[in-house]
Amino acid sequence: MADIFSEVDEDVRKDKSLALWKKYGNYVIGAAVLIVVGTASYVGWQNYTLSQSESQGAAFQAASALVAENKLDAGAASFGTLAEDGNAGYRALARLREAGLLVETGKGSEALAIYDQLAADSSVDKEFSSLANLLAGYYLLDNGTSQEVRMKVASVAEAGSIWSASANELIALSYLQEGESVKAVELLTQLKNDAAVPSDIKARVEQLLAALGGE
């Protein structure tokens, strides 16, 4: 009889976590992507101020203007051109923007190829190559399997990575997506108790834990 209650309890847990995923998943992903892309833009701007290239800065702004005008295909093409000709900082940032636009226009496979290429590029800063894996993980959360997500961000989640907290949050979401609420709560609790986790991520983690019943 105890086994029956255990199975029922486990089913309830999975139903609950799946319901939470449907309710909060898109919100969490959207907020996380905006933050990491915003941070990447800041890093890219630092590279700009340190390394010169007014012409590359102008090209980046021109491509951004196309995106602001909702000319996403043209913007992606312009970022792609800059990625071919730019210095290491602009090349990486332009690749990330190009891949993001490809995702927005339904060309996720092409975007994944760019993320993989950037992640394997030893000539760019580690922050950019790690971010490529992280953004690929966000894409795979809705377009791949949970296992693919965890494999993609495993190295990014390691201690010492600038994106460690984001990657571990993503791994927790992948467990939540699978209905593995116990594993998700365990990881979310670790993030909640880690003083080094950024406040915005910690706030989302606390909301998720509260939604999971304060486990």
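Ser129 is found in helix H6, which spans residues 126-143; helices here are DSSP runs of H or I with at least four residues, numbered from the N terminus. The model is a predicted one, in which local features need pLDDT of at least 70 and side-chain atom pairs count only at pLDDT 80 or more, while totals for chains, interfaces and linings use all residues. Residues are numbered from 1 along each chain as its sequence is written, and side-chain values use heavy atoms, with hydrogens and water left out.

Ser129 has a relative accessible area of 7% and is therefore buried (buried means under 20%, exposed over 50%, partly exposed in between, with a 1.4 Å probe and protein chains only). Not counting residues up to four places away in sequence, Ser129 touches Leu118, Ala119 and Val124, where contact means heavy atoms within 4.5 Å.

Ala74 lies in helix H3, residues 72-85. Because its relative accessible area is 35%, Ala74 is partly exposed. From C-alpha to C-alpha, Ala74 is 7.8 Å from Ala63, and the two are 11 residues apart in sequence.

The second largest pocket has a volume of about 210 Å³. Of the 14 residues that line this pocket, Ser164, Ala165, Asn168, Asp194 and Val197 are the closest to its centre. Helix H8 (164-178) and helix H9 (181-193) are the elements that give two or more residues to the lining. A pocket is an open set of points on a 1 Å grid over the protein atoms alone, where a 1.4 Å probe fits, with protein on both sides within 12 Å along at least five of seven lines; lining residues have an atom within 4 Å of a point. Grid points are joined across faces, edges and corners, and the volume is the space filled by probe spheres set on the points.
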